[in-house]
Amino acid sequence: DFSNFPEIHKKTVDGLQERGIVSLFPVQHMTFRDVYARKDLIVRDLTGSGKTLAFGLPVVEYLRANKLFGTGQTQAIILAPTRELAV
């Protein structure tokens, strides 16, 4: 349930729900606050468990909350292990 994560903006929740995502997967639930708090983290889980969103969602929400979008400065570096995830 997204209500447990007030850090996630309503616009983001609406976009996720439009794509059929109505709550965070376990890996996303367990890692959201650590990633949002900018802690270093290594996560292992099965393919399809939601790891990419587990890292991407809190980064986007942190940048949104701290008004860091559109600054013209690099704010994050995302490493993707496969071309499919990069796309």
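Is E61 buried or exposed? E61 counts as buried, at 1% relative accessibility; buried means under 20% relative accessible area, exposed over 50% and partly exposed in between, with a 1.4 Å probe and protein chains only. This is a predicted model, in which local features need pLDDT of at least 70, side-chain atom pairs count only at pLDDT 80 or more, and totals for chains, interfaces and linings use all residues. Residues are numbered from 1 along each chain as its sequence is written, and side-chain values use heavy atoms, with hydrogens and water left out.

**Aromatic pairs**

- Rings of Phe, Tyr and Trp (its six-membered ring) pair if their centres lie within 6.5 Å; planes under 30 degrees apart count as stacked, over 60 as edge-to-face and the rest as tilted.
- The count under this rule is three aromatic pairs.
- F5 and F32 are edge-to-face, because their ring centres are 5.3 Å apart and their planes stand at 70°.
- This pair links distant parts of the chain, 27 residues apart: F5 is in the segment before α1 (10-18), and F32 is in helix α2 (residues 26-36).
- Helices here are DSSP runs (H or I, at least four residues), numbered from the N terminus.
- F5 is buried, at a relative accessible area of 1%.
- F32 is buried, also with a value of 1%.
- F32 also pairs with Y36, and this pair is stacked, at 5.7 Å centre to centre and 20° between the planes.
- Both F32 and Y36 sit in helix α2, four residues apart, or about one turn of the helix.
- Y36 is buried, as is F32.
- Ring pairs join F5, F32, Y36 and Y62 in a cluster.

**Salt bridges**

- A salt bridge needs a side-chain nitrogen of Lys or Arg within 4 Å of a carboxyl oxygen of Asp or Glu.
- The count by this rule is four salt bridges.
- E7 bridges to R33, with the closest N and O atoms 3.1 Å apart.
- That bridge links distant parts of the chain: E7 lies in the segment before α1 and R33 in helix α2, 26 residues apart.
- E7 is partly exposed, at 21% relative accessible area.
- R33 is partly exposed too, at 40%.
- K39 and D34 form another salt bridge, at 3.6 Å from N to O.
- D34 counts as partly exposed, with 27% relative accessibility.
- E61 and R64 meet in a salt bridge at 3.5 Å, N to O.
- Both lie in helix α3 (residues 51-65), three residues apart, about one turn of the helix.
- E61 is buried, whereas R64 is partly exposed, with a relative accessible area of 25%.

How values were computed: Helices (H or I, at least four residues) and strands (E, at least two) are DSSP runs, numbered from the N terminus.
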